[in-house]
Amino acid sequence: MLRSHNDAHNVAILCKQVTKEFYVFSHRTNSLREWFIRTLQRKPKKLGFSSFSIKKFDLCVEQGDSIAFIGLNGCGKSTALRLIAGVYAPTDGTVQTFGQVGSVIELGAGFNQELTGAENIALYGAIMGLTRKQLASKYDEIVAFSGIEDFIQLPIKHYSSGMVARLAFSVAVNLNPDVLLLDEVLAVGDQAFQTKCIERLRAFRSEGGTMVVVSHNFQLVSQLCSRAVWLENGEIRMIGEISFVLEAYQQFSKNDVK
Amino acid sequence: MDPSEYAPTTSQFQNGRYPIFRKIWRYRELLRSLVIRDLKVKYQRSFLGLIWTFLNPLLTVAVLIAVFSHIIRIQIEEYWAFLISGFFAWHFIQMTLSHATTIFANHASLSRSVYFPREILILSTAVSKLVEFLIEIIIVLIVLLVFYYQWIPSSLSLLPVLIMIQLVMVTGLMFSVAVISVLFHDVQHALPIVITSFFYLTPVFYPARMIPESVRPFSFLNPFSGLLELYHQVLYEGGWPSIQLFGSVTVYAAAICLLGYWLFKRYEGICVEIA
């Protein structure tokens, strides 16, 4: 029902005037003693002061579109991605996503070192919201894609970091969500695996999947994305066709170095 | 993908358009996987496996029985039966609450990476402890049936209801402990002391009738007092508890659960960010 309603617009992600404010604690830890003292002194009840991360962020991504977030460290790329993923709730404004959202923001988050590769695939699938039946139908594909069939029954603490990354990425890309969010996770594995990942993501796009990528690898995003958003201090500095934005950003970076 | 299996959008979940039980049902697979993970990780690599879970409370029980039936003599028949009928419920409360303090921290990277209802984290911890408790209570029942009961008391049929009430109460407390211990790190240090104090203040190893008349009403302000009293009446005395006691413990548990859930919903967002 929802889908048909939105088919008219074909919108996958809609952010309206999104603002995200974080509580930043003025000390290393937040302690009960401090809270009591503040309460007694009738200082503001808020636990810390807030800092803005995203300000009045507007974005509309259509189905099948692929968009890159670029910008300096700390400009709010990951926060924007987490807001779209629904991990953070916006302080103000609305974020809407249509369809199933798969997010790979920290590679291997939720993996457990003691469990085997196979068990971790099941766990990760469940985290992504898959039922057991759905996962079973994709299991072989995931294992084959990861290329670590021989180690799949070993606890992943015996894996190399590259193998863990391969496993996590294989699960994420083979789940076929409607909207895929990737945060700087493409730079995993060896050259061969990277090429395979890029091919898989292109196939995902051509099947009508929507993608948002955060990356500093411009060569990669220009292969994968059609549009780019350049963020600066939590605000959109430029949005448009990928090569155009990348060029402007690179020009800016060069000037910055000088 | 089958359209009926189609996940509602994350924003719909957050707006609360979906009631909690539907949310949990949608993510039942995650709940199941997390429970299995907890149990597997805990047991598969230790040599004695499951036995360790029971050895720990069993040793405590042995010490308590030795002390309170031979040194400080508590005037109660078959003290060991009295003790085991309530002790494991207490052990469950203790384990779940001390685990609740670290739930957000333990799942920080996961909950910052993928959306899922955060309630699942609390519930999966509660359920995995419940599995251990159920095994313990079954052993207790077998021991009581073999060595203590002359006949099977009809009050045992209340036990499942009792366990449900206990689960509701403990889940509510876990909701609040989980968020409060992220907001105030002190709670992690304070909670063990609080739990130890409650062990002595709650009629776990002594009957509620030993509490002086003058302070007994106050002792029932402690939510665990009523619960433990119910366990003692149902398992040890083998009688039906009064409707007043049963009703008040149920209401108390429901109130704790609602309050805890309210606190949790209010602060879970901040907890995900700062955990």
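Reader: Hi! How many helices and how many strands does chain B have?

Author: Chain B comes to 13 helices and zero strands. Helices (H or I, at least four residues) and strands (E, at least two) are DSSP runs, numbered from the N terminus. This is a predicted model, in which local features need pLDDT of at least 70 and side-chain atom pairs count only at pLDDT 80 or more, while totals for chains, interfaces and linings use all residues. Residues are numbered from 1 along each chain as its sequence is written, and chains are lettered from A and ligands numbered from 1 in the order in which they are written.

Reader: Thanks! What is the radius of gyration of chain B, and what does the globule rule give?

Author: Chain B has a radius of gyration of 20 Å, close to the 19 Å that the globule rule gives for 275 residues, so it is as compact as a globular protein of that length. The radius is taken over C-alpha atoms, and the rule is 2.2 Å times the number of residues to the power 0.38. Along its principal axes, the C-alpha trace of chain B spans about 60 × 45 × 35 Å.

Reader: And what percentage of chain B is buried?

Author: Of its 275 residues, 39% count as buried. A residue is buried if 20 or more other C-beta atoms lie within 10 Å of its own, exposed if 12 or fewer, and partly exposed in between, with C-beta atoms placed from the backbone. Among the contacts in chain B with a separation of 6 or more, 78% come from residues 24 or more positions apart. Two residues are in contact if their C-beta atoms, placed from the backbone, lie within 7 Å.

Reader: Where in chain B is confidence lowest, and where is it highest?

Author: Confidence is lowest in helix α1 (residues 10-14) of chain B, at a mean of 48, and highest in helix α9 (residues 159-183) of chain B, at 95. The score here is pLDDT, the predictor's confidence in each residue, from 0 to 100. Over residues 1-13 of chain B, pLDDT stays under 50. Where pLDDT is low, the predicted coordinates should not be read in detail. For chain B, the mean pLDDT is 87, and 91% of the residues reach 70 or more. The model scores ipTM 0.80 and pTM 0.86.

Reader: Switching to chain A: in what order do the six strands of the open sheet run?

Author: The order is β5-β6-β7-β3-β8-β9 (chain A), with mixed pairing. Two strands pair if DSSP finds at least two bridges between them. The edge strands of chain A are β5 (101-104) and β9 (235-241), each pairing on one side only.

Reader: Which strands pair with β3(A)?

Author: Strand β3 (residues 66-71) of chain A pairs in the parallel sense with β7 (residues 210-214) of chain A over four bridges. With β8(A), β3(A) pairs in the parallel sense over five bridges. In β7(A), A:Val213 is the bridge partner of A:Ala68, and A:Val214 stands opposite A:Phe69. A:Gly71 stands opposite A:Leu231 in β8(A).

Reader: Are the faces of β3(A) buried or exposed?

Author: Both faces are covered: A:Ser66, A:Ala68 and A:Ile70 on one side and A:Ile67, A:Phe69 and A:Gly71 on the other are all buried. In a regular strand the side chains alternate between the two faces of the sheet.

Reader: What does A:Lys77 touch?

Author: Not counting residues up to four places away in sequence, A:Lys77 touches A:Phe69, A:Gly71, A:Val214 and A:Leu231. A:Lys77 lies in helix α3 of chain A, and counts as buried because 26 C-beta neighbours are inside 10 Å.

Reader: I also spotted A:Gln17. Is it buried or exposed, and why?

Author: A:Gln17 counts as exposed because it has 12 C-beta neighbours inside 10 Å. A:Gln17 sits in strand β1 (residues 11-24) of chain A, and its phi is near 45°, a positive value in a residue other than glycine.

Reader: Last one: how many residues does each chain give to the contact?

Author: The contact takes 37 residues from chain A and 32 residues from chain B. On the side of chain A that touches chain B, the largest share, four residues, comes from α4(A). By class, that side has 21 nonpolar, twelve polar and four charged residues. Ala, Val, Leu, Ile, Met, Phe, Trp, Tyr, Cys and Pro count as nonpolar, Asp, Glu, Lys and Arg as charged, and the others, Gly among them, as polar.
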